[in-house]
Amino acid sequence: MKLRMRLALTTVVVAIPVALCMAWIHLAVEARALETALSEYALAHMLSGGRERCEASPESWSSEPRGPPLGEPPPRRGGPPPSGDWREQGLRPPPEWRDGAPPPPRAELRDRPPPAGGPGGPGGPGGPRPPRGTRLYAYDAQLSARNSAAPRLDAALVDAMQQGQEVASLSSGFGTEEPRQVLVRMPWGAGPCAFVLVHWPERPGPKGERSSPIPFDVWLFPSVISLAGVLFALGPVVGRLRQLTREVRTFVGSAYQGSITLRGNDEISELARAFDEAGHEVRAQMELKEKREQTLRSFLENTTHDVMIPLTVLQGHLAELQQRSARGETVEVSVVAAASQEAHYMAALIHNLGAAARLEAGEPSVQRAPVDLNALVQRCIGRHRPIARGQGVQLDYAVPEPAVRVIGDDTLIEQAVSNVIYNAVRYNSRGGHVAVVLERLPGNTFRLRVLDDGPGIPEHELPHIVERRVRGDAARTRGPGGHGLGLNIAWRVSVLHGWSLQLGRSEYGGLQVDFLGELPPPSEQGGGSSPATGPG
């Protein structure tokens, strides 16, 4: 359902009870006005001679007014026309009330002398009367009627008078057309005519010709006003929502380019601001995804190139070995060493790809557990000694006692250290040296150094050597391709563990790579130790 239709239906639903409430108030005001008119009529009638006649013969006294029914215009008998209020009530005011002044209160009526009946007076023969059938009955101070024709008072009227009320009314229905009894306390409050009951009969006329209890203008006017008010108040809201809908569709169709119009500081503005922020966030995520996909494609292209070079070389060495074996010739050790070197390079590259994938996945894939750096260094040395021996490079190491333990991911740390050792061995010259030194430093810190006496890296390239796809000029001349993935992984693993990776020229002229970090408290380091090991 559209919002406009919902608002229209809501307005109608709200207008109906409002109209009914106003109709109820209208009828209640009419009933109250009728009660007041009848009580004033009874008091004026008794003050204009009715009391004397009632007290003279209480056993037979009752009064039935003569004249046109209430609500019909009385004949004019000179003087100005009756006031609006008295004309609506069907009564002709006394001469002194015809100048438009409001009628005096009941207290003044009680204290003033009884008006003489006469033409135009409330008791006179020319004044208008309530409808035919309306009668007055008298009751004494005990609310008993001496006239046997008087109706028996309802208990509600009796209770009201006993509680001290001046006027009590009782109706068989709601409205001015229903039968009604109005009991009025007289000012003298004693004698056989201390109370007067006005018996108001049902209005004459056919049922179909009687006026509706709820006038047409009573419910139509508030309904129209309510509908106009709702449309006036919510029309701009609907317009802004439709504009926001169009802008959001345009925003989505343009791949979240641009922005949504923000106006004001209300709920619709907050909704527009939320759409705008969500669109920019989606756009940022899309750009990040595109950037990652582009990086992944470039990485795969470069990695494929790096793998194909050693694989092609390895295939060539194996083909040569196969041919020599088929001819029964002696296999040269250099050919086997070269094939082994390419196999080691491919293994290191594949390990780096796995580590890079874990680092790309972020923190959830990284494990946190105690790591024994002494044992880790020994494993790395044992893995790279065959490679170093084939290269003609001497590989030594030293670790302290007791063992140095940290908290981190054992696999990633070992891969980072292996990458640095592998680079130092691979790009060193035959007859060179590589040393791995683990030591404790003051201030509960450690340092893991990997240094060599190879050609090293020029000073201007050191700040960029840890970036992916970067290799030194000297390194490019010493073996098949590579895009700096090893040192990049070592740097990222150091950052992930809160360490620092420093690169510089070693004291022997080559490259020195230092892992620097803080040690955890002894309670988190775990037990066990590794024996100190000197150069191997």
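These questions and answers cover a disulfide, some cysteines and a sheet.

Mentor: This is a predicted model, where local features need pLDDT of at least 70, side-chain atom pairs count only at pLDDT 80 or more, and totals for chains, interfaces and linings use all residues. Residues are numbered from 1 along each chain as its sequence is written, and side-chain values use heavy atoms, with hydrogens and water left out.

Trainee: What makes Cys 54 and Cys 193 a disulfide?

Mentor: A disulfide is a pair of cysteine sulfur atoms within 2.5 Å. The sulfur atoms of Cys 54 and Cys 193 are 1.8 Å apart, so the pair qualifies. The rule gives a count of one disulfide.

Trainee: Which parts does the pair tie together?

Mentor: Cys 54 lies in helix α1 (residues 3–56), and Cys 193 in the loop between β4 and β5, so the link joins parts 139 residues apart in sequence. Helices (H or I, at least four residues) and strands (E, at least two) are DSSP runs, numbered from the N terminus.

Trainee: Why is Cys 54 called buried?

Mentor: Buried means under 20% relative accessible area, exposed over 50%, and partly exposed in between (1.4 Å probe, protein chains only). Cys 54 has 0%, so Cys 54 is buried.

Trainee: Why does Cys 21 count as partly exposed?

Mentor: Its relative accessibility is 42%.
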